[in-house]
Amino acid sequence: MSYLPEPFRIKMVEPIKLIDKKARESAIKTAGYNLFNLRAEDVFIDMLTDSGTGSMSQFQWAAIMTGDESYAGAKSFFRFKEAMDNIFAFEFFVPTHQGRAAENILVNILVKPGQFIPSNMHFDTTEGNIRARNAIPINLVNGQAYNPENLDPFKGNMDLQKLREFIISTGAENIPFGTITITNNAGGGQPVSLENIHQVADLYHEFGILFFIDACRFAENAYFIKQREPGYQHKSILSIAQEIFNTADGAWMSAKKDALVNIGGFLAVRDESLYHKICNELILREGFISYGGLAGRDLDAIAVGLYEGLEEDYLAYRVGQTAYLADKLSEAGIPIMHPAGGHAVYIDAGKMMPHIPPGQFPGQTLAVALYVEGAVRGVEIGSVMFAHPDPTTGQMVYPKLELVRLAIPRRVYTQSHLDYVVQTAKTVFDQRTKYKGFEFTYAPELMRHFTARFKPL
Ligand code: F0G
């Protein structure tokens, strides 16, 4: 397979250093074996997240210099609005400082305790915002999503039969809104087909339920649709994106992903009365409606980044880079989630370290090992992140997969950086039977992966 070279060249560099193994062992111990607690300077290749970690282009940096910092009605807002209206075309929207701020506002307005929010799979902050209101996030992704070997082109698709049965058994009145995450971050960065998005929208609407899209990686999803879904080969990425959002009553987005910026987000809706409620919440928590917790210059960077994120040669390189890493890890015998997703490669830690039970965190064990062996920082997406007590029985519910995500920041690392990651993963893989698991020494109730501390078993 061939991969498109970077459609850019490098004009400014940020030095990184590889500290020695002893220093890494000491750093991770001090961090309580939680990679979120490391100092970034102690990391060589940082694949913790693709969120806010990308490089901006010369056009974005130039746009930043034109930022209008007026409190209300800044020129920057109207440049942002032009991109919003063209790509997403919702009647109303507000900027927010990031995705979870939009989630917080939406959930605060619409959700009551005991209600249910279905999705293909909720990511951590969405799930956390719902649980924080004593409501229940429900994952109804199709069954193939849990089979890492399955090569279905749209493994992020919602199971429509399950969704229908869920709505009927729960009662539409207990579902304030339904959603779908594109691409499906918690399930391997897998795309959702446009056919499925249309069907999901129709199903929610049949029961009078509002349909929202969690749009963080919509451009990567649109690119996969163009590549893989019959009938879309000759459409532009922009027109595919427009068709996606045309199905929905609203959307929220962390602009830190496919808008190629370091901070920002939005919440968009069609309903005017809902928009007015959103404005009140926004003003209380984020800022005035024309800046939403961002500087004017941030809005300008997003306005440019949204279009750059839709460029086809950029997306070919982006998705190609992820596929390159996935192919190399696979060739080395390392079990990963197939096919390669958009923004990250997910190593199947459960399969790689079957001697470590979910309660002893195989994903965390692998993530720590990758750091100790090569100062590579990934993130556990398994029981540390998603195991929780069942609200009725109190029994621990473990997620179906124990993964370690190696997220690829946009336009940041080169192929030789990725080769180094593969080499590190190979070293860990060759000695996989020697690792033991972890237990918590501290864990908060919600979103515990961010601040938990561990000790080795
Ligand atoms: N929804 C999805 C699907 C996400 O992946 C994220 C963030 C959010 C919402 C929240 O956005 O961070 O701007 O508040 N995901 C990051 C990640 C943090 O590492 O995948 P945010």
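## The ligand shell

A residue is near a molecule or strand if one of its heavy atoms lies within 4 Å of it. In this predicted model, local features need pLDDT of at least 70 and side-chain atom pairs count only at pLDDT 80 or more, while totals for chains, interfaces and linings use all residues. Residues are numbered from 1 along each chain as its sequence is written, and side-chain values use heavy atoms, with hydrogens and water left out.

The ligand has 17 residues around it; Thr49, Arg100, Ser254, Lys257 and Arg405 come nearest. By class, 2 are nonpolar, 8 polar and 7 charged. Here Asp, Glu, Lys and Arg count as charged; Ala, Val, Leu, Ile, Met, Phe, Trp, Tyr, Cys and Pro count as nonpolar; the others, Gly among them, are polar. Helix 4 (residues 99-110) gives the most to this shell, with 3 residues.

## Polar contacts and burial

Polar side-chain atoms reach nitrogen atoms of the ligand from aspartate 214 at 2.7 Å and from lysine 257 at 3.0 Å. An N or O atom in the side chain of arginine 405 is 2.7 Å from a ligand oxygen. Alone, the ligand exposes 470 Å², and the protein buries 95% of that (Shrake-Rupley method, 1.4 Å probe).

## Strand 8

Strand 8 runs antiparallel to strand 2 (residues 92-96), joined by 5 bridges. Valine 94 has leucine 267 as its bridge partner. Strand 7 (residues 250-254) is also antiparallel to strand 8, with 5 bridges. There, alanine 251 stands opposite alanine 268.

Key: Pairing = 2+ DSSP bridges. Helix = DSSP H or I, 4+ residues; strand = E, 2+ residues; numbered from the N terminus. Polar contact = N/O pair within 3.5 Å; in protein donor to acceptor, adjacent residues only side chain to side chain.
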